[in-house]
Each structure stands twice: as C-alpha cells, then as structure tokens.
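Colleague: Can you take me through the packing in this one? Helices to begin with, then the sheet.

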Amino acid sequence: MTKTFPNLIDGEMVETSATMEVVNPANEEVIALVPSCGKDELDRAVAAARRAFKTWSKTPIEDRRKVVQAISGVIKENADELFRLLTTEQGKPHDQAKGEIFGAAGMAAAQSTLDLDDEINEDSDARLSRTRRVPVGVVGGIVPWNFPVMMAMQKVAPAILSGCTIVLKPSPFTPLATLRIAELIKDVVPAGVVNIITGEDSLGPLITGHPDIDKITFTGSTATGKKIMEGASADLKRITLELGGNDASIVLPDANVEKVAEQLFWSSFSNAGQICVAAKRIYIHEDIYDDLSAAIAEYAKTVKVGDGSEQGTGVGPIQNKKQYERVLELVQDAKDNGYKFLTGGDTDPSGTGYYVPITILDNPPEDARIVAEEQFGPVMPLMKFATEDEVIERANNSEYGLAGAIWTANPDKGVEMAEQLETGTVWINEFLHLSPFAPFGGHKQSGFGAEYGKEGLLEFTYPQVITVKKDNVPA
Ligand code: NAD
C-alpha cells in the first residue's frame with residue numbers, strides 16, 4: 001500500500017479524505033499520497049497560527065532562537081533519511097540532495113543568530129525616539145519544487161525567529177521531505193507556530209487571499225509571483241517574492257580555460273539546471289571561445305545522466321512532466337531553427353523517467369528562445385562576445401535581474417563589470433554561493449524584497465517608532 005504523509009496543523013499530524021499522488025521523476029512511479037487541502041484545512045491552520053501568534057510574538061527572541069536551532073538539529077540528525085526521500089521525490093542525485101538537507105539545516109542555524117535590536121533615532125534633551133521591530137503576524141509561505149527543503153526552511157526560520165507564525169505550502173510535486181520534517185519537529189515547536197499543509201496549485205490563491213494571513217513569502221515563477229502580488233493587494237498583505245532568473249555568466253579572455261570549464265558546467269547543470277540562479281546564458285570572449293567551449297563539451301561527456309539514487313549520477317531527471325515537456329520544446333525550437341549543438345539535442349521523450357540529455361548549444365543568436373527564456377533544465381547556450389560594453393548590454397537585456405557572474409584573472413576588473421550588471425547578486429569567479437548574512441533578492445521581474453540576512457529578517461516585521469517627549473512630562 002502507498003504510504004501517506006500527513007500534514008502538521010496545530011501541533012497534530014492530520015490526514016484528509018482527499019489526497020494527491022507524489023511521483024518519482026526517475027521512474028514515474030507513484031511513491032506516496034499526501035493530503036489535498038482546501039479552504040477548511042487552511043482555515044484550521046490559519047486559526048491555529050493566529051492563536052499561537054499571541055504567545056509566540058511575546059516569547060523572547062532568545063527562546064525563539066533556540067527553537068530555530070532545535071529544528072536545524074532535528075534536520076541534521078535525520079539527514080540520512082531525508083536526503084534519500086528528497087532524491088526520490090525531486091530527482092536530484094544523492095550528493096546534491098545531501099547538500100540541500102545540510103544546507104537547509106545550516107542556513108536555519110546561521111539565520112537563528114540574527115538580531116532584531118531596537119534602534120535609537122534621536123536621544124536629545126527634547127526627546128527619545130526609538131524604532132522597535134514587531135512581527136507582522138501570520139505568514140503564508142509558498143514553496144517551489146526545485147529546492148523544496150531549502151526553500152521551506154528559508155521561510156520558516158526567519159518567520160518564527162521574528163515572532164511570526166507560519167502556514168507553509170510545499171509544491172504539490174515535492175512535499176514529502178518537508179512533511180517528514182513536519183513530523184520530526186512536531187514536538188520541538190509549540191503547537192500552531194509552524195503549520196505545513198499540502199494541496200494543488202489551487203490552494204495557493206486561497207492562501208494569498210486569506211483575510212487572516214498578514215504576509216506572503218513566495219518562491220516560484222515570475223508568472224505566479226504576479227498573481228500573488230495581485231491577490232495580496234486586496235488587504236495590502238506584505239509580500240516577499242523570489243522569482244525566476246535568466247542569469248548570465250561572462251568569461252573574460254584572461255580566464256583560465258582548464259580551471260573554469262568544469263565550474264562553468266556545474267554552474268549550469270547542478271540540480272539538472274533547475275536553479276533560479278543557475279547560469280542560463282554563458283558569454284565567452286571570442287579569443288577563448290573555441291578552446292573553452294570544447295573543454296566544457298569534453299567535460300560534459302564525463303557526467304552521467306540518470307536516476308539520482310544510482311551511484312555516479314551527476315544530472316538527474318527533470319522534476320515533473322510539465323517542466324520536462326517545456327525543456328524538450330525549447331530544445332526542439334533550437335533544432336527547428338538550425339542552431340548548432342556541441343552535445344545533446346535529443347528530444348525523443350520515449351522511455352521512463354523525465355530525462356533530458358546534457359545539451360550545450362554553440363553560439364545561438366541572442367533572440368533564440370533558448371537564450372531569451374529561462375530554460376530551467378540541463379540545457380546551456382554558449383555565446384561569443386567581443387567587447388565588454390557589448391556583453392554588459394546583452395547580459396542586461398532581460399526582464400529578469402536575479403544573479404550573474406564574471407570569470408577573470410583580474411578581480412578588480414570583475415568588480416568594475418559587476419557594478420554594471422542589473423542583478424541582485426553578482427559573483428566573481430564562482431557561482432551559486434548564497435550567504436545567510438547577505439540579502440538575496442531579484443532586481444526587475446526576478447523578485448520583490450529579499451530573503452536572508454538582516455534585510456530578509458526585517459521583511460517579517462513592521463517598524464514601530466516610539467517617541468518620548470522628555471521635556472513635556474506633566475508635573
Ligand atoms: P510555480 O510558480 O509554478 O509554483 C511555486 C509554488 O506556487 C507552488 O507551491 C505552487 O503550488 C504555487 N502556486 C501555483 N499557482 C499559484 C497561485 N496562483 N497562487 C499562489 N500560489 C500558487 O513555480 P515552480 O514551477 O514550482 O518553480 C520554478 C520557478 O521558481 C522558476 O521560475 C524558478 O526560477 C523559480 N525559483 C526562484 C527562486 C528564487 O529564489 N528567486 C528559487 C527557486 C525557484
């Protein structure tokens with residue numbers, strides 16, 4: 001019989017009569033059932049979060065910190081079970097799943113050290129003005145399928161540290177590891193502070209529009225982000241949106257071809273390319289284009305595509321059928337337009353599992369769909385450029401503005417170019433590194449607000465300014 005993973009509502013593990021199936025993308029088999037919640041379950045979860053908010057918001061931050069650290073500890077202690085489950089539902093290879101589980105635990109522990117100190121605005125003979133931070137209330141967290149555990153924890157940890165309570169909705173495609181964590185932390189977190197409920201996409205707008213939710217923190221596509229902004233406008237909910245990206249990597253002529261080839265490959269192909277900050281367009285200076293593109297294509301031959309639970313797999317399947325078909329469509333479009341492939345390009349969807357071969361394109365035009373759109377799959381276009389001004393203009397020619405990278409032997413030159421990129425994050429000589437202490441957020445249509453760091457934590461709070469007129473105390 002297929003195992004059912006219950007939801008966490010008000011400190012209890014809860015099942016529902018309506019369920020949804022969760023599929024392993026490596027073999028398309030149904031691996032578990034989870035509750036398919038609607039308005040009733042959401043109302044129960046929100047009511048529990050509202051009740052819990054009364055005491056949790058007044059609980060000293062030192063005690064809230066300990067709860068975040070305890071959650072982190074539970075995840076680490078159960079990492080072995082969790083990473084295997086994550087591979088089964090998400091598809092990513094075991095070593096990358098392990099990285100996500102420990103990354104989520106580490107990120108939560110690091111964020112737990114952040115503070116919400118009062119700030120003095122004025123301390124004069126006339127008055128004392130102080131800004132304190134008060135939690136916004138009940139948070140609705142909505143999470144995608146590419147890094148389900150990481151994204152869940154990057155919402156839960158700062159929300160509850162700030163004194164908010166949360167109702168979290170995992171993606172319907174990848175709820176299992178998150179629900180297992182729910183079960184494991186049930187007795188570590190006071191009832192109602194963290195609630196985790198599953199449902200189809202249709203549960204999302206119910207969260208966004210719920211009158212007793214005060215803030216939405218969302219990670220997912222730009223299209224859904226726009227709907228969330230619209231839905232949240234009815235009662236002016238606070239929102240944080242982490243959305244899509246079409247990140248450019250720029251390789252300058254002084255880069256070391258041997259050294260960067262492998263790193264560039266993984267900047268694009270980790271998690272089968274399903275990373276918001278993956279390198280999705282790689283611009284290589286014409287002086288080294290032939291050598292570097294050959295080195296990347298050569299390295300690609302050494303990487304195994306397959307089931308993430310099999311030893312040696314480097315690139316797993318696409319997480320779900322819809323995304324699989326979308327990636328194949330982009331590759332087919334490139335074939336139909338006669339673009340050149342260095343490797344891959346097979347669009348035959350026969351066989352079991354959502355596998356796309358590693359696909360690298362050789363200098364397609366800037367307006368090719370595979371360049372202009374976020375591919376979110378193991379597909380990478382390499383493009384040639386001649387001048388710095390030209391490549392900056394091409395990199396910035398996007399509605400997105402999430403991240404980017406410069407690869408060079410001259411870090412000062414890298415910084416000079418980074419300052420011209422219209423993105424929230426720019427790396428020099430690395431990719432994919434996110435710090436728990438630095439704000440992460442998108443420019444343009446890649447997001448609204450930020451996560452991580454003090455700036456991310458403050459998004460779960462309102463400022464409240466209290467001013468005392470010192471020389472006007474009635475006698
Ligand atoms: P998605 O927008 O389809 O779904 C994300 C979540 O939103 C899911 O839980 C889904 O059920 C829910 N949802 C769907 N419709 C909704 C609605 N109308 N209202 C409210 N919620 C709704 O995104 P996805 O396909 O799961 O994830 C892929 C996208 O996420 C990519 O574009 C990727 O770049 C982006 N992403 C961004 C970041 C970031 O930090 N910027 C990180 C990871 C992924």
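Colleague: What is the handedness of the crossing of α9 and α10?

Modeller: The model is a predicted one, and in it α9 and α10 cross in the right-handed sense.

Colleague: Which residues make that contact?

Modeller: From α9, Val257, Val260, Ala261, Glu262, Leu264, Phe265 and Trp266 take part. The α10 side supplies Asp291, Leu292, Ala295, Ile296, Tyr299 and Ala300.

Colleague: How many of those are nonpolar, polar or charged?

Modeller: The contact of α9 with α10 counts 11 nonpolar and 2 charged residues, with no polar ones.

Colleague: And at what angle do α9 and α10 pack?

Modeller: About 55 degrees, with the axes 9 Å apart. The helices span residues 257-269 for α9 and 289-300 for α10. An angle of about 55 degrees makes α9 oblique to α10.

Colleague: Other pair. How do the axes of α5 and α6 sit, in distance and angle?

Modeller: The axes of α5 (residues 148-162) and α6 (residues 176-185) come within 8 Å, and the crossing is at roughly 50 degrees. The two helices are therefore oblique to each other. This crossing is right-handed.

Colleague: What makes the contact there?

Modeller: Pro148, Val149, Ala152 and Met153 on α5, against Ala177, Thr178 and Ile181 on α6. By class that is 6 nonpolar residues, 1 polar and no charged.

Colleague: Now the sheet. What is the strand order?

Modeller: β1-β5-β4, an open sheet of 3 strands with mixed pairing. The edge strands are β1 (3-4) and β4 (19-24), each pairing on one side only.

Colleague: In which sense do β4 and β5 pair, parallel or antiparallel?

Modeller: Antiparallel, over 6 bridges, with β5 covering residues 29-35. Among the bridges, Glu21 has Leu33 as its partner in β5, and Val23 has Val30.

Colleague: Which helix packs on the sheet?

Modeller: α3, residues 79-90, which touches β4 and β5. The direction of α3 makes about 95 degrees with that of β4.

Colleague: Which residues of β4 are on the covered face, and which on the uncovered one?

Modeller: Met20, Val22 and Asn24 are on the covered face. Thr19, Glu21 and Val23 are on the uncovered face.

Colleague: Last one. Which residue in the hairpin of β4 and β5 takes a positive phi?

Modeller: Glu28, near 65 degrees. That hairpin has 4 residues between the strands.

How values were computed: Residues numbered from 1 in each chain as written. Predicted model: local features only at pLDDT ≥ 70, side-chain atom pairs only at ≥ 80, totals over all residues. Heavy atoms only, no water. Axes fitted to C-alpha atoms, helices over the stretch in contact; angles between N-to-C directions. Parallel < 35°, antiparallel > 145°, perpendicular 65-115°, else oblique. Left-handed = near helix turned anticlockwise from the far one by under 90°. Contact = heavy atoms within 4.5 Å. Nonpolar A, V, L, I, M, F, W, Y, C, P; charged D, E, K, R; others polar. Pairing = 2+ DSSP bridges. Buried < 20%, exposed > 50% of the residue type's maximum accessible area, 1.4 Å probe, protein only.
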